[in-house]
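Here is a short report on one protein model. Take a look at the sequence and the fold, then read on.

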Amino acid sequence: MTTTASTTALASVTLEVADLDAAHRFYTAFGVRTHISLRASETHSTGFRGFTLALTASQPATVDGFLGAAVDAGATVVKPAAKSLWGYGGVVQAPDGTIWKVATSAKKDTGPATREIDEIVLLLGVEDVKATKRFYVDRGLTVARSFGGKYAEFAAGDSSPVKLALYKRSGLAKDLGVPADGTGSHRVVLGGTAGPFTDPDGFAWETATPLTPAPSTTSARS
């Protein structure tokens, strides 16, 4: 039995990390801590985890500010920031392994850099965009934009700090500049307004819980 679109939406994104204290420090310095939850996990994962978090900002200077803050806090540069046909952006990998893309559609600055985030999108790399889109529609999510079998984006929930989108896994890896191969856990859990389930590509959903403002007093060691 499916639920209605009004009661099903992405409400939270939880990253599973080996060291909660270190991850909290990194994401606070990066400037995205209020958009994600963190929890300790040592589940096995190698290579591309099959997803990325894409942060969009208003102009190149702001993109550079976020990328610089990430690198200063310990991130590794995957793709240096550069201009492209669609705008300007770069890719970094957080110390916990999560890949972040920071970009803007603007090619020129219109003012001083800020620390304002326009939008964060969780992009899931899937084998069959059309099939996975149908899976989510059957569970009550509403498609906001769709481009054939290449990309699909769902309407955000009223309280969600992150949008959900689907991208062909091989295409997403190519866009990020990483090999598409990977095994083990995705190391990300989606919080929904419906009951728990797992999608066709192994991404797990749980009943959403409020964002955790700080890590626990104990953390797992890497």
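## T104 and its neighbours

Leaving out residues up to four places away in sequence, T104 touches A57, S58, Q59, P60, V63, W86, G87 and Y88. A contact here means heavy atoms within 4.5 Å. T104 belongs to strand β7. Helices (H or I, at least four residues) and strands (E, at least two) are DSSP runs, numbered from the N terminus.

T104 is buried, with a relative accessible area of 4%. Buried means under 20% relative accessible area, exposed over 50%, and partly exposed in between (1.4 Å probe, protein chains only). A polar atom of the T104 side chain lies 3.0 Å from the backbone oxygen of A57. The side chain of T104 also has a polar atom 3.4 Å from the backbone nitrogen of Q59.

## About the model

This is a predicted model: local features need pLDDT of at least 70, side-chain atom pairs count only at pLDDT 80 or more, and totals for chains, interfaces and linings use all residues. Residues are numbered from 1 along each chain as its sequence is written, and side-chain values use heavy atoms, with hydrogens and water left out.

## The whole protein

The protein has four helices and 15 strands. Its radius of gyration is 17 Å, close to the 17 Å that the globule rule gives for 222 residues, so the protein is as compact as a globular protein of that length. The radius is taken over C-alpha atoms, and the rule is 2.2 Å times the number of residues to the power 0.38. Along the principal axes, the C-alpha atoms fill a box of roughly 50 × 45 × 35 Å.

Of the 222 residues, 46% are buried. Take the contacts with a separation of 6 or more: 67% of them join residues 24 or more positions apart.

## Helix α1

Which residues of helix α1 (residues 20–30) are buried? They are L20, A23, H24, F26, Y27 and F30. They cover an arc of only 165° around the axis, which puts them on the same side of α1. The arc is that of the directions from the helix axis to the C-beta atoms. These buried residues pack against β1 (10–17), β2 (37–40), α2 (60–72) and β7 (99–104).

Now look at the ends. At the start of α1, a side-chain oxygen of D19 comes within 3.1 Å of the backbone nitrogen of D21. Just after α1, G31 has a positive phi of about 105°.

## Helix α4

In helix α4 (residues 169–176), the buried residues are R169, L172, A173 and L176. Seen down the axis, they fall within an arc of 100°, so they line one face of α4. G177 follows α4, and its phi is positive, near 85°.

## Aromatic rings

How many aromatic pairs does a search of the whole structure find? The search finds 13. The rings of F135 and Y136 have centres 5.5 Å apart and planes at 80°, so this pair is edge-to-face. Rings of Phe, Tyr and Trp (its six-membered ring) pair if their centres lie within 6.5 Å; planes under 30 degrees apart count as stacked, over 60 as edge-to-face and the rest as tilted. F135 counts as buried at 14% relative accessibility, and Y136 counts as buried at 0%.

F26, Y27, F30, F66 and W100 form one aromatic cluster. R115 lies over the face of F66, 4.3 Å from the ring centre. The charged end of R139 sits over the ring of F197, 5.7 Å from its centre. A charge sits over a ring if NZ of Lys or CZ of Arg is within 6 Å of the ring centre and within 35 degrees of the ring normal.

Terms used: A polar contact is a pair of N or O atoms within 3.5 Å; within protein, one must be able to donate a hydrogen and the other to accept it, and residues adjacent in sequence count only if both atoms are side-chain atoms.
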